[in-house]
Amino acid sequence: MSDDLRIANEEDLERLRRMLRKVAGDDIETVCRRLESRDEARILDIACGDCREAEVLSDFVAELKGAPESAVKLTGIDVRAREIANAEKKFGRRRGPDGKRGKREFEFLTGDATKLRGHAEMGDDFDLVFMRHQNYWNGDSTWEKIFDQALEKLGTDGRLVITSYFDKEHSLALEALQRLGGELIRTEFNPETRELSTPGKSVDRHVAIFKRKGS
Ligand SMILES: C[S@@+](CC[C@H](N)C(=O)[O-])C[C@H]1O[C@@H](n2cnc3c(N)ncnc32)[C@H](O)[C@@H]1O
């Protein structure tokens, strides 16, 4: 990876960090209450690719808990084995506590997220289920299955967050998630989004947060 691309990726992650804080802002109290009662906060990152956001997500959840030193476990799943191998290489399995951060555990699985119910080993009752650059536009029936099971993986008062590359794809995903039982809490355009070479495509262009209807 060139230095320019590495720096661009790092800047994208800082912007993602700001966007997560922004979308979580409205209902922070409910989420914080849930997190306070958890010994270890749990994140599920679906279709995570090389999961470059693993640290940003675990820091974000620890921050919401009000204790950067608290333990967080992130499980990432993607159908592409090579991406999962890269995630494992980058983040390893365990880190910390290191003075600033608490214990971090990373678990990366190669698998089909349309069959999340079959992955009993990952458990459920997640505090945060996350999908960065969901790909609804590229296969609505696949992504409807993924969205449906992603919502099932949420614990009571847990939150689901998606990001999207395109305006149209984002609105299709918002519509599908609401139809499948998600309640949209907030969606935000990222004013700092980095434009990519495909017209209308940019990094974490939109970020939206959901809860399960009735939870
Ligand atoms: C647009 S990429 C986003 C990757 C990563 N989240 C990111 O932001 O760079 C969509 C990802 O969905 C994954 N994917 C597609 N279908 C999948 C499935 N059925 N189960 C798990 N992952 C899937 C692809 O392998 C790819 O990594």
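This is a predicted model: local features need pLDDT of at least 70, side-chain atom pairs count only at pLDDT 80 or more; totals for chains, interfaces and linings use all residues.
Helices (H or I, at least four residues) and strands (E, at least two) are DSSP runs, numbered from the N terminus. Residues are numbered from 1 along each chain as its sequence is written.

Let us stay with Cys-51 for a moment. A residue is called buried if 20 or more other C-beta atoms lie within 10 Å of its own, exposed if 12 or fewer, and partly exposed in between, with C-beta atoms placed from the backbone. Cys-51 has 26 other C-beta atoms within 10 Å, so it is buried. Its phi is positive, about 55°, although Cys-51 is not a glycine. His-133, in the loop between β5 and α5, also is a residue other than glycine with a positive phi, near 55°. His-133 is partly exposed, because 16 other C-beta atoms lie within 10 Å.

His-133 brings us to the ligand. A residue counts as near a molecule or strand if its C-beta atom, placed from the backbone, lies within 6 Å of it. There are 15 residues around the ligand, and Ala-47, Gly-49, Ala-113, Arg-132 and His-133 come nearest. By class, this shell has 5 nonpolar, 5 polar and 5 charged residues; here Ala, Val, Leu, Ile, Met, Phe, Trp, Tyr, Cys and Pro count as nonpolar, Asp, Glu, Lys and Arg as charged, and the others, Gly among them, as polar.

Now look inside. A nonpolar core is a set of buried Ala, Val, Leu, Ile, Met, Phe, Trp, Tyr and Cys residues joined through C-beta atoms within 7 Å. The largest one has 52 residues, of which Ile-43, Ile-46, Val-61, Val-129 and Val-161 touch the most other members. Helix α3 (residues 54-64) gives the most to this core, with 6 residues. Two residues are in contact if their C-beta atoms, placed from the backbone, lie within 7 Å. Beyond four places in sequence, Ile-43 touches residues including Leu-57, Ser-58, Val-61 and Phe-126.

Ser-58 lies in helix α3 and is buried, with 28 other C-beta atoms within 10 Å. Leaving aside neighbours within four places in sequence, Ser-58 is in contact with Ile-43, Val-72, Leu-74 and Arg-104. Ser-58 and Arg-104 are 46 residues apart along the chain, yet their C-alpha atoms are separated by 7.6 Å.

Next comes helix α1 (residues 3-24). The buried residues of α1 are Asp-12, Leu-16, Met-19, Leu-20, Val-23 and Ala-24. Seen down the axis of α1, they fall within an arc of 110°, so they line one face of the helix; the arc is that of the directions from the helix axis to the C-beta atoms. Among the elements covering them are α2 (28-36), α3 and β6. On the face turned away from the buried side, α1 carries the exposed residues Asp-3, Asp-4, Ile-7, Glu-10 and Glu-14.

In α5, the buried residues are Trp-143, Ile-146, Phe-147, Gln-149, Ala-150 and Leu-151. They pack against β1 (40-46), β5 (126-131), β6 (154-164), α6 (167-179), β7 (182-189) and β8 (206-212).

Finally, visit Arg-93, in the loop between α4 (81-91) and β3 (94-95). Arg-93 is exposed, because 10 other C-beta atoms lie within 10 Å.
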